[in-house]
Amino acid sequence: MSSIPVHTRRLCERALEAYCARICPPTARHAVSIGYQIDRDCVTLLEWRPICGIAGTRRSIAVAQLRWSFARNDWRLYHRDSLQHWRRSTRQPTSGSFIDLLREVDADRSGVFWGRIDGKSLRWCSSKVRCEEYDVRYVL
């Protein structure tokens, strides 16, 4: 296990900042916000929500994890199962591109990251439905 290369980490941070800003507009951030955490070789995408609806409190819910492999020079995508264990994604488990896997999380065709009810994504703010004015593309 080794750390994400510095240049790659900076590019990932830039992409994640743009992604998190697009997913959750400023007008909705009192109820939920999207963020990330980078630890050595993995990036965890988080959803932050108030605890029991109490303003000023927050708890994080891990949505997805992207893990860097120095030996293979690629990224691997993971989701949480019902027991909160990390499982490797089956749709696009690996890629040389961090952005490709971030797009896979965003699209969530199988509903393993954001969940689904009646075929509709439970992602807080869909760029195609509720928040069209925030439909900004990935910046790199």
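What pLDDT does the protein average, and what share of the residues score at least 70? The average is 80, and 79% of the residues reach at least 70. The model is predicted. It describes a protein of 140 residues, of which buried residues make up 41%. The protein has two helices and eight strands.

**Confidence**
- Over residues 126-140, pLDDT stays under 50.
- For residues 126-140 the model still has 26 contacts beyond four places in sequence.
- Where pLDDT is low, predicted coordinates should not be read in detail.

**Fold**
- Along the sequence, the elements follow the pattern α-β-β-β-β-β-β-α-β-β.
- Among contacts in the protein with a separation of 6 or more, 41% are between residues 24 or more positions apart.

**Nonpolar core**
- The largest nonpolar core has 26 residues, and those that touch the most other members are Leu-45, Trp-75, Phe-98, Val-105 and Trp-114.
- At least two residues of this core come from each of α1 (6-23), β1 (33-39), β2 (42-49), β3 (59-69), β4 and α2 (98-107).
- Helix α1 gives the largest share of this core, with six residues.
- Phe-98, one of the core residues named above, is in contact with Cys-12, Ala-15, Leu-16, Val-43, Leu-66 and Trp-75, leaving aside its neighbours within four places in sequence.
- In soluble globular proteins, nonpolar side chains tend to be buried together.

**Second largest pocket**
- The volume of the second largest pocket is about 220 Å³.
- Eleven residues line the second largest pocket, and Ile-61, Ala-62, Val-63, Phe-113 and Trp-114 lie nearest its centre.
- Strands β2 and β3 are the elements that give two or more residues to this lining.
- The largest share of the lining, three residues, comes from β3.

**Asp-81**
- Asp-81 is placed in the loop between β4 (74-80) and β5 (86-88).
- Asp-81 counts as buried because its relative accessibility is 17%, and the cut-off for buried is under 20%.
- A polar atom of the Asp-81 side chain lies 2.9 Å from the backbone nitrogen of Leu-83.
- The backbone nitrogen of His-85 lies 2.8 Å from a polar atom of the Asp-81 side chain.

Note on methods: Residues are numbered from 1 along each chain as its sequence is written. Side-chain values use heavy atoms; hydrogens and water are left out. Helices (H or I, at least four residues) and strands (E, at least two) are DSSP runs, numbered from the N terminus. Buried means under 20% relative accessible area, exposed over 50%, partly exposed in between (1.4 Å probe, protein chains only). A polar contact is a pair of N or O atoms within 3.5 Å; within protein, one must be able to donate a hydrogen and the other to accept it, and residues adjacent in sequence count only if both atoms are side-chain atoms. pLDDT is the predictor's confidence in each residue, from 0 to 100. Contact means heavy atoms within 4.5 Å. A nonpolar core is a set of buried Ala, Val, Leu, Ile, Met, Phe, Trp, Tyr and Cys residues joined through side-chain atoms within 4.5 Å. On a 1 Å grid over the protein atoms alone, a cavity is a set of points where a 1.4 Å probe fits but cannot get out, and a pocket is an open set with protein on both sides within 12 Å along at least five of seven lines; lining residues have an atom within 4 Å of a point. Grid points are joined across faces, edges and corners, and a volume is the space filled by probe spheres set on the points.
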